[in-house]
Protein chains: 2
Amino acid sequence: MKIKNQNIVIDGIDKKILRALMADARTPILEIARQVGISGAAIHQRLRKLEKSGLIDGSKFIINPKVLGYTTMAFVGVYLDKAVSNPEAVKQLRNIPEVIECHYTTGNWSIFIKMLAKDNEHLMHVLNKEIQSINGVSRTETFISLQQQIDRQIKI
Amino acid sequence: MKIKNQNIVIDGIDKKILRALMADARTPILEIARQVGISGAAIHQRLRKLEKSGLIDGSKFIINPKVLGYTTMAFVGVYLDKAVSNPEAVKQLRNIPEVIECHYTTGNWSIFIKMLAKDNEHLMHVLNKEIQSINGVSRTETFISLQQQIDRQIKI
DNA sequence: TTTGAAATCGGTTGACG
DNA sequence: CGTCAACCGATTTCAAA
């Protein structure tokens, strides 16, 4: 991921624009303009500046996985054999749609993942049949999220 | 979080709408209409149905924390004293802006968090001064994400 | 559910302080 | 940086099929 500008300076108006769009990506520019008291064209210009700086990494509709039956979230620490190339394991993990995050981490695990499953049976299937069958995976440690209490972005 | 309808049925057109908006929340409805070959009004109706079902949990601009200098992501397992109320600890964690996720989890930790920091010094400060000073926190275990390889939502 | 049309509103640009 | 004005495209609603 390329960072185009580390020295981006954002003022109070930029913050208001970002906060509005972080809360609802479809907030009309003109509505933001009315709220902050400058013209829509000015907001538009500032948004282009913020996009060029790389600060804005796109926008997304957020899907509630529970409505699709994915009621279980789990974190999984993965131990890999020393001889195995980690990128190959990541490539395999990418093919498992239940895996929604994957990190190389410090500590005992080689790889740390966040995943979704419909229920415990489904979770067990992904762990034992999908993840464990990846070449080089020796062992996993699983932590089920009983409840997520905080989910947010960095404060602007 | 209330789920209004667990038995939502989504067809191929709904999937195309969702995929377009999951990739870019500001994709014009009329552009989606052109891509899937039905009218904008029909897309509009379907979106209202999807929103009512609870499947769509809003939309967000995604901020790249690296551009703000937050180059370090870490996962922290938190041990709480048995006597302490977990909700009180979560309340304190909510006041630490660097904490971006917080879960009650199975396993040895009471609470598991994901956090951002500008560098290792900042990380240490948050761990030792902010988190450790929360009443009931006895110990933490930290895993730094060296690199995030996968970051996505559930597949539609 | 879908459409087309109508009305309203938002996005985008360019010239200019 | 900011405004204004103008143009064009998007959103929203509704009657009809």
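Modeller: A salt bridge is a side-chain nitrogen of Lys or Arg within 4 Å of a carboxyl oxygen of Asp or Glu. This is a predicted model, in which local features need pLDDT of at least 70, side-chain atom pairs count only at pLDDT 80 or more, and totals for chains, interfaces and linings use all residues. Side-chain values use heavy atoms, with hydrogens and water left out; residues are numbered from 1 along each chain as its sequence is written, and chains are lettered from A and ligands numbered from 1 in the order in which they are written.

Biologist: Which residue forms a salt bridge with K49(B)?

Modeller: K49(B) lies in helix α3 (residues 40-53) of chain B and its partner in helix α1 (residues 12-23), 35 residues apart; helices (H or I, at least four residues) and strands (E, at least two) are DSSP runs, numbered from the N terminus. The closest N and O atoms are 2.8 Å apart, and the partner is D14(B).

Biologist: Is D14(B) buried or exposed?

Modeller: Buried means under 20% relative accessible area, exposed over 50%, and partly exposed in between (1.4 Å probe, protein chains only). K49(B), at 34%, is partly exposed. D14(B) has a relative accessible area of 0% and is therefore buried.

Biologist: How far apart are the closest N and O atoms of D11(A) and R46(A)?

Modeller: D11(A) precedes α1 (12-23) of chain A, whereas R46(A) belongs to helix α3 (residues 40-53). The closest N and O atoms of D11(A) and R46(A) are separated by 2.9 Å.
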